[in-house]
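Hi,

Could you take a look at this one when you have a moment? The sequence and structure are just below, and my notes come after them.

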Amino acid sequence: MKKEEVPQDKGLLDSAQTKELTYAVDENGEYTTELSSGWDPKTIALSNAIKGIEERVATAKKRVLNNETSPIEYYMELHKMDLPILSSYVGLWQWRVKRHFKPKVFQKLNQKTLQKYADVFEISIEELKHIS
Amino acid sequence: MQIEFTHKQSAHCENGVVSNLMRHNGFEVSEPMVFGIGSGLLFCYIPFLKVNHAPVVTYRAMPGFIFNRFAKRVGIKIKREKFSSPESAKSRLDENLAKNNPVGLQVGVYNLLYFPDEYRFHFNAHNLVVYGKENENYLISDPVMEQVTTLTEKQLEKVRFAKGAFAPKGHIYYPTAFPEKLELKSAIIKGIKQTCREMTAPFPIVGTNGIKTISKLIRKWPKKKGAKVANHYLGQIVRMQEEIGTGGGGFRYIYAAFLQEASQVLGNEKLKELSKEMTKIGDDWRDFALNASRIYKNRSPETDAYNKVADELEAIANSEAAFFKKLKKAI
């Protein structure tokens with residue numbers, strides 16, 4: 001990549017007021033660095049990934065409202081987590097977390113366990129029980 | 001309390017932390033040098049593991065390996081520590097800052113608030129330097145950011161004790177002993193040899209063979225998984241290749257920069273030629289990303305389009321296989 005070819009597309013780093021460093025070749029064929037504000041192919045890839053997560057959150061929300069899953073799954077998706085990550089944050093086995101996705105099991109969870117989840121998601125138990 | 005510390009932005013966090021810590025201790029070593037000597041370049045497909053619900057490929061060595069290899073090869077000593085309790089992790093950090101010693105930390109990205117939301121994933125192998133403390137705020141030099149920044153005690157504790165794969169557990173590291181002069185020449189040769197060995201390894205998931213495996217998978221995905229999932233997978237490959245930290249082209253440009261610098265240190269003209277060739281391969285990777293992005297941009301492409309990008313990957317695998325054979329001979 002030549003220095004003048006370093007893409008300066010609109011990226012997602014604007015909000016942090018930073019640019020990323022890339023390596024490119026100058027007019028003498030010597031390597032140098034150049035800042036890039038973004039490159040469309042990867043901005044699209046990232047935006048698609050974000051969209052995918054949003055879809056997962058929306059689906060989880062619908063399933064909670066239909067009583068097909070517990071709010072824990074919804075908050076897990078909202079925090080971009082998956083089962084292994086959530087289980088390591090709450091410090092419970094994966095099969096236990098998965099079991100807590102069942103609305104019936106969730107209803108019977110004690111305060112202590114609910115508090116663990118609420119702490120991980122940084123919300124109150126009330127918010128954990130009733131998603132908005 | 002603030003330690004006199006020069007923040008220099010780098011492409012990749014680990015190289016950047018090492019390069020900045022070395023400069024602080026009076027040794028000017030560029031980011032590509034750290035990357036090349038530490039045999040950072042790699043391609044590896046990790047089957048059975050999914051991140052963000054897509055298969056994982058990596059274009060670089062495991063977190064921590066680059067610094068370890070670099071240290072061993074140039075003859076410096078590093079101290080690494082992990083902690084079970086946040087309190088002891090914090091007190092060790094404060095001790096070092098009180099001794100005017102800036103330290104490297106491994107952190108999780110998800111709670112790094114100075115990153116844009118879109119970049120905050122549960123990725124635990126990010127690195128930064130803490131170089132002081134002012135009014136309960138830690139002074140942070142994050143190598144991928146243009147400017148230095150700060151984090152509160154609470155915020156820093158959270159990222160140091162992020163959970164999940166590669167959980168940092170408060171991981172702190174810093175160089176402790178230096179030789180009078182860095183052993184660059186032999187270190188460069190060792191670094192290059194290992195990269196050649198790994199990139200031409202006879203396993204289907206590593207190096208150029210790994211690239212071929214991925215190319216085969218891309219052909220299968222649209223039929224096996226449907227367009228939506230195939231696009232998601234393809235997008236993840238491009239992200240790993242081009243996301244912040246790679247310097248572009250899946251670290252290939254940084255490696256080319258390393259070869260150029262190495263050719264001067266070793267007085268080896270062949271490496272300069274090979275640097276140009278690596279730049280060309282980097283360009284091919286960029287083209288692959290561009291064409292892949294055309295697929296996942298319009299959401300219902302023909303199967304033929306997947307075959308085309310798979311062909312491109314296969315061609316890259318072949319040119320890299322030839323490249324690393326030549327590189328091995330050149331040193």
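Here is what turned up, starting with how to read the model and then going through the two chains.

A bit of housekeeping: this is a predicted model, where local features need pLDDT of at least 70, side-chain atom pairs count only at pLDDT 80 or more, and totals for chains, interfaces and linings use all residues. Residues are numbered from 1 along each chain as its sequence is written, while chains are lettered from A and ligands numbered from 1 in the order in which they are written.

**Chain A overall**

Chain A has 7 helices and 2 strands, and along the sequence they come in the order β-β-α-α-α-α-α-α-α. Helices (H or I, at least four residues) and strands (E, at least two) are DSSP runs here, numbered from the N terminus. The C-alpha trace of chain A spans about 70 × 25 × 25 Å along its principal axes. Its radius of gyration is 22 Å, whereas a compact globule of 132 residues would be near 14 Å; the radius is taken over C-alpha atoms, and the globule rule is 2.2 Å times the number of residues to the power 0.38.

Chain A splits into domain 1 (3-38) and domain 2 (42-129), with bounds that come from an automatic or database domain assignment. The centres of these two domains of chain A, taken over C-alpha atoms, are 38 Å apart. Of the 132 residues in chain A, 33% count as buried. For that label, 20 or more other C-beta atoms must lie within 10 Å of the residue's own; 12 or fewer makes it exposed, anything in between partly exposed, and C-beta atoms are placed from the backbone.

**The hairpin in chain A**

β1(A) and β2(A) (residues 31-36) pair in the antiparallel sense over 6 bridges; strands pair if DSSP finds at least two bridges between them. Across the pairing, Tyr23(A) sits opposite Thr33(A) in β2(A). The hairpin has 5 residues between the strands, and Gly29(A) takes a positive phi near 80° in it.

**Where A meets B**

How many residues of chain A are in contact with chain B? There are 31 of them, in contact with 40 residues of chain B. Contact means that the C-beta atoms of two residues, placed from the backbone, lie within 7 Å. On the chain A side, β1 (20-25), α1 (40-65) and α3 (83-90) are the elements that give two or more residues. α1(A) gives the most, with 10 residues. By class, this side of chain A has 20 nonpolar, 6 polar and 5 charged residues. Nonpolar covers Ala, Val, Leu, Ile, Met, Phe, Trp, Tyr, Cys and Pro, charged covers Asp, Glu, Lys and Arg, and the others, Gly among them, are polar.

Lys308(B) counts as partly exposed because it has 17 C-beta neighbours inside 10 Å. Phe324(B) has 22 C-beta neighbours inside 10 Å, so it counts as buried. Leaving out residues up to four places away in sequence, Phe324(B) touches Cys196(B), Met199(B) and Thr200(B). From Phe324(B) to Gly164(B) it is 160 residues in sequence and 35 Å in space, C-alpha to C-alpha.

Cheers
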